[in-house]
Amino acid sequence: MTAALGHPDRAVIDLATRIQRRRDFTAHAAGFLAGVTTLAGLHAAGLRGPTELAAVALVWATALSFQHFRHVLRGPVTPSDVTAEAERLAARS
């Protein structure tokens with residue numbers, strides 16, 4: 001899986017990128033869904049005007065923070081993550 005001098009080859013980089021994109025997407029989607037649900041509830045409760053705009057900004061910032069902290073808590077993609085992904089893809093084909 002690695003070339004000479006310990007540099008990762010293209011397949012390893014592609015697998016690590018694929019894993020990171022999936023993690024980013026799931027974190028982003030979860031934050032988005034939580035935000036939309038919160039805003040829909042506030043709107044249904046009658047929140048209007050500048051307060052509604054402030055709520056949108058707060059929910060957006062919270063969703064971005066959620067995505068960031070999920071990445072921080074989970075950590076970077078590890079070699080074992082790449083190996084597991086390669087095995088999963090090999091079993092699928």
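By class, the residues lining the largest cavity are one nonpolar, five polar and four charged; here Ala, Val, Leu, Ile, Met, Phe, Trp, Tyr, Cys and Pro count as nonpolar, Asp, Glu, Lys and Arg as charged, and the others, Gly among them, as polar. This is a predicted model, in which local features need pLDDT of at least 70, side-chain atom pairs count only at pLDDT 80 or more, and totals for chains, interfaces and linings use all residues. Residues are numbered from 1 along each chain as its sequence is written, and side-chain values use heavy atoms, with hydrogens and water left out.

On a 1 Å grid over the protein atoms alone, a cavity is a set of points where a 1.4 Å probe fits but cannot get out, while a pocket is an open set with protein on both sides within 12 Å along at least five of seven lines; lining residues have an atom within 4 Å of a point. Grid points are joined across faces, edges and corners, and a volume is the space filled by probe spheres set on the points. The largest cavity holds about 70 Å³, and its lining includes Gln 20, Arg 23, Asp 24, Arg 70 and His 71. With five residues, α1 gives the most to this lining. Helices are DSSP runs (H or I, at least four residues), numbered from the N terminus.

Now for the largest pocket, with a volume of about 190 Å³. Among the residues lining this pocket are His 28, Phe 32, Leu 39, Val 59, Trp 60 and Gln 67. The elements giving two or more residues to the lining are α1 (10–44) and α2 (50–74). Its classes are eight nonpolar, four polar and no charged residues.

Next, follow α1 itself. Its buried residues (under 20% relative accessible area, 1.4 Å probe, protein chains only) include Val 12, Leu 15, Ile 19, Gln 20 and Arg 23. The cover over the buried residues of α1 includes α2 and α3 (79–92). Just after α1, Gly 46 has a positive phi of about 100°.

In α2, Ala 55, Val 59 and Ala 63 are buried, and the buried residues of this helix pack against α1 (contact means heavy atoms within 4.5 Å). How far apart are the end C-alpha atoms of α2? They are 36 Å apart, which agrees with the 36 Å that its 25 residues should span at 1.5 Å a residue; the expected span is 1.5 Å times one less than the number of residues. After α2 comes Gly 75, with a positive phi near 85°.

Key: Buried < 20%, exposed > 50% of the residue type's maximum accessible area, 1.4 Å probe, protein only.
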